[in-house]
Amino acid sequence: MLGLMQQRPLLISTLIDYAESWHGGREIVSRDAEGAFHRTDWAGIAARSKRVANALQALGVGDGERVATLAWNGYRHLELYFGVTGCGRVLHTVNPRLFPEQIRYIIHHAENGFVFFDPIFAPLVDQLAPHLPLVRGWVALCDRSAMPAVHVDTLLCFEDLLAAASPDYEWPSLDENTACTLCYTSGTTGNPKGVLYSHRSMVLHAFGACSVDSLALSTRDSILLVVPLFHANAWGIPFAAAACGAALVLPGPKLDPESVYLLLEQEGCTKAMGIPTIWLNFLAWIENNLSRLDLSRLRLKHVGAGGTAPPRATIEKFHKLLGVFLLHAWGMTETSPIVTVCSPLAKHDGATREQLVEMQLKQGRQMYGVELKLAGPDGKDLPHDGKTVGELKVRGNWIVSGYFKGEGGQVVDKDGWFGTGDVATIDPDGYVQLTDRLKDVIKSGGEWISSIEIENLAVSHPDVFEAAVIAIEHPVWQERPLLIVQPKPGHNPDKQAILDFLSDKIAKWWMPDDVVFVESLPHTATGKLLKTELRERFHGHLAVHG
Ligand code: AMP
């Protein structure tokens, strides 16, 4: 027997309608590239999103057509988040930090007819435009007075388009499985692949993100969104914030510690979301400026961190300096992205600081709405005993079922499980701990050595800024770990000091065969260590230095 309840489609337009009607006055604060502030609210974003929809209609953008953005976090980008999706077009947020050839590839692959860009990216647009014949218009996200000098015939002004568009628009009642956003994976090997989200998946993800043991978002929150709108739907926070009416603070390109601090203090932010590198620099700046800062003016309670693992010192310092709890989360572009969040359980009531930090170092527990498991190389399920290492597999309502245009072929197994390529343990309480990427794991004498675990320990050495561990070919052991260290500025650690520091913390056979020092470590466009480049650079290192 079927239930007798209504079924309304889960659409992004319902999120912005709700935010407008019930939280219309909650503020959306943006800062632009010059540092100027702009203040609007959910009602303002909703109204202009409708103009965006009419403007797309006027430009002749078809249903389902992908509309690209090359833009930082600001109110106009947020209006595109709702305006493009709400009217049945697809928002393709392009990461401007990718190499120009990659950007060209993905805009072409996505067949974008219009690209909306921040004036700061004018030089990039000049570089890209001659190679993108499918683009019918380049829309600068500014008013007429700020139009950049771009050498394209099809340059348009966002504010002119909006001024000419009617404010009256009724969102269409789309099928909830209609595509809404498109993000490409960073693709350190091979071409980037597109992940095409649906209205249904994004709305369900928003419910999950708001829930208390997840990011616990509320209308009482003011969220500093450091994570870019062009990275994995900005962790779904724009949609989740609309679902609960949270205020948003959008920092634009100014992500230096002083700017981040200014926004946190001035806007009374209660939560802030960003990758660990941002927080590492932020905390170092706080420590250096302690004597002149009045930290009691901050209202910050939670900092969300993901994308890479936050070092122990970051978690500890947030608590010690600011009384802030670092909420560690894990996910990927293919998973919308949030899958696990590291919140405490009832059993942690009364836990010591040390016990809490041990917990926070893990990637967290699976949220409701998706499923997670560990599998061995033969595909068989592995126990959740906190020791057994296997590949993380996920399935659920906001997990990819296949890449855009079928790239990469079949990516889920017959039961719908998607192999994440991340290697982890899951403890009996359900906390996931990542030990590696499948391609980065070091296979030594038939056993696996976790590069992430050694990196995490190395960065807790007082002289180490960042560390990477890679596999180097070895004639006897197949592969051995090489530790590559970027020292803190002004510090000069030596190899033996680092090895001595590690020696009582890891098994003897995990000890790196060599330690090398570099001025800086290479990163991907999303802030992850670029190990492919390190493997090339240090290829055969042990044969020479071993
Ligand atoms: P992306 O699709 O660019 O968001 O990258 C996803 C990948 O980032 C995951 O498969 C992990 O390898 C890595 N990642 C994400 N969150 C974390 C985390 N909390 N700790 C360690 N690695 C992470």
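**Figure 1. Helix H1 passes helix H3 in a left-handed crossing in this predicted model.** The axes of H1, which spans residues 12-23, and of H3 come within 8 Å and cross at roughly 130°. H1 and H3 are therefore oblique to each other. On the H1 side, the contact is made by Ile12, Ser13, Leu15 and Ile16, and on the H3 side by Phe82, Thr85 and Gly86. By class, four residues of this contact are nonpolar and three are polar, while no charged residue takes part.

**Figure 2. Helix H2 passes helix H3 in a right-handed crossing.** H2 comprises residues 42-59 and H3 comprises residues 75-86; their axes come within 8 Å and cross at roughly 60°. An angle of 65 to 115 degrees would count as roughly perpendicular and one under 35 degrees as roughly parallel; H2 and H3 are therefore oblique to each other. H2 contributes Trp42, Ile45, Arg48, Ser49, Val52, Ala53 and Leu56 to the contact, and H3 contributes Tyr75, Arg76, Leu78, Glu79, Leu80, Phe82, Gly83 and Val84. The contact of H2 with H3 divides by class into 10 nonpolar, two polar and three charged residues. Phe82 of H3 takes part in the contact with H2 and also in the contact with H1.

**Figure 3. Helices H9 and H10 pack at an angle of about 80°.** The axes of H9 (residues 257-266) and H10 (residues 276-288) are 9 Å apart. The two helices, H9 and H10, are therefore roughly perpendicular to each other. Pro257, Glu258, Val260, Tyr261 and Leu264 of H9 meet Trp279, Asn281, Phe282, Trp285 and Ile286 of H10 in this contact. The classes represented are eight nonpolar, one polar and one charged residues.

**Figure 4. The ligand is surrounded by 17 residues.** The closest of these are His328, Ala329, Thr333, Gln363 and Asp422. A nitrogen atom of the ligand lies 2.7 Å from a polar side-chain atom of His328. The side chain of Thr333 places an N or O atom 2.6 Å from an oxygen atom of the ligand. Arg437 has a polar side-chain atom 3.0 Å from an oxygen atom of the ligand.

**Figure 5. Ser336 and Pro337 are joined by a cis peptide bond.** The omega angle of this bond is about 20°. Pro337 is located in the loop between strand S14, covering 325-331, and strand S15, covering 338-341. His328, whose polar side-chain atom lies 2.7 Å from a ligand nitrogen atom, has a residue number within the range of S14.

**Figure 6. Glu111 has a positive phi value.** Phi of this residue is near 55°, and Glu111 is a residue other than glycine. Glu111 belongs to the loop between helix H4 (100-109) and strand S5 (114-117).

Notes: Residues are numbered from 1 along each chain as its sequence is written. This is a predicted model: local features need pLDDT of at least 70, side-chain atom pairs count only at pLDDT 80 or more; totals for chains, interfaces and linings use all residues. Side-chain values use heavy atoms; hydrogens and water are left out. Axes are lines fitted to C-alpha atoms, for helices over the stretch in contact, and angles run from 0 to 180 degrees between N-to-C directions. Helices (H or I, at least four residues) and strands (E, at least two) are DSSP runs, numbered from the N terminus. Angles under 35 degrees count as roughly parallel, over 145 as roughly antiparallel, 65 to 115 as roughly perpendicular and the rest as oblique. A crossing is left-handed if the near helix is turned anticlockwise from the far one by less than a right angle, and right-handed if clockwise. Contact means heavy atoms within 4.5 Å. Ala, Val, Leu, Ile, Met, Phe, Trp, Tyr, Cys and Pro count as nonpolar, Asp, Glu, Lys and Arg as charged, and the others, Gly among them, as polar. A residue is near a molecule or strand if one of its heavy atoms lies within 4 Å of it. A polar contact is a pair of N or O atoms within 3.5 Å; within protein, one must be able to donate a hydrogen and the other to accept it, and residues adjacent in sequence count only if both atoms are side-chain atoms.
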